[in-house]
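Visitor: Could you take me through one part of this model in detail? I would like a close look at the salt bridges and the surroundings of their side chains.

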Amino acid sequence: MLGERAAAEDVVQAVFLTLWSRPDAYREGNVGAWLARVARNRCLDVLRTRTSRPQVEMPVELVAEGAIEEDVFARLDGESVRKALAALPEEQRVPIEMGFFGGVTHAEIATRIGAPLGTIKTRIRAGLRRLRDQLEGTGA
């Protein structure tokens with residue numbers, strides 16, 4: 001009905017999410033027929049949305065609204081950043097490296113280091129301030 005496997009999978013997920021979150025929507029009768037009707041209605045909704053809002057591909061070179069931080073970091077001189085990071089106290093440097101370069105969440109950092117989550121957030125914030133101050137002085 002939709003002509004795309006990914007769209008069909010999304011509809012199946014939406015149908016089962018409906019069943020899971022609102023089991024009282026099914027009252028009585030044939031469960032299979034009810035699921036088929038819910039799936040059909042959801043497919044029709046998707047098709048109506050497609051016709052009312054045609055999807056236009058975004059150009060690759062278009063910068064995302066939240067990508068300002070990434071743009072700034074991309075322009076920084078890598079050597080200056082490494083030197084500034086090395087100058088930080090270990091208690092600030094390690095969580096920053098784990099979070100920004102290791103992809104570890106603040107909660108995971110707290111668990112791995114064995115410090116409270118609030119302490120980790122404070123150390124990261126203080127370390128980032130020091131980094132900013134050091135990097136502003138270098139012109140990076």
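Guide: Arg5 is exposed, with 68% relative accessible area (exposed means over 50%, buried under 20%, and partly exposed in between, using a 1.4 Å probe and protein chains only). This is a predicted model, in which local features need pLDDT of at least 70 and side-chain atom pairs count only at pLDDT 80 or more, while totals for chains, interfaces and linings use all residues. Residues are numbered from 1 along each chain as its sequence is written, and side-chain values use heavy atoms, with hydrogens and water left out.

The partner of Arg5 is Glu9, and the closest N and O atoms of this salt bridge are 3.0 Å apart (a salt bridge is a side-chain nitrogen of Lys or Arg within 4 Å of a carboxyl oxygen of Asp or Glu). Glu9 counts as partly exposed, at 44% relative accessibility. Why are Arg5 and Glu9 separated by about one helical turn? Because they are four residues apart in helix H1, which covers residues 5-21 (helices are DSSP runs of H or I with at least four residues, numbered from the N terminus). As a general point, side chains of opposite charge can pair when their charged atoms come close.

The structure holds four salt bridges, so let us visit others, with the cut-off as before: a side-chain nitrogen within 4 Å of a carboxyl oxygen. In helix H2 (residues 31-52), Asp45 and Arg48 lie three residues apart, about one turn of the helix. They form a salt bridge whose closest N and O atoms are 3.0 Å apart. Asp45 is partly exposed, with a relative accessibility of 36%.

Helix H5 (residues 90-101) holds another pair, Arg93 and Glu97, four residues apart and about one turn of the helix from each other. Their side chains meet in a salt bridge at 3.3 Å, N to O. Both are partly exposed: Glu97 has a relative accessible area of 30%, and Arg93 has 22%.

Gln92 is also placed in helix H5, but Gln92 counts as buried, at 8% relative accessibility. Its side chain is joined to that of Arg130 by a polar contact of 3.4 Å (a pair of N or O atoms within 3.5 Å; within protein, one must be able to donate a hydrogen and the other to accept it, and residues adjacent in sequence count only if both atoms are side-chain atoms). Leaving aside residues up to four places away in sequence, Gln92 touches Arg123, Ala126, Gly127 and Arg130, where contact means heavy atoms within 4.5 Å.

Technical notes: Helices (H or I, at least four residues) and strands (E, at least two) are DSSP runs, numbered from the N terminus.
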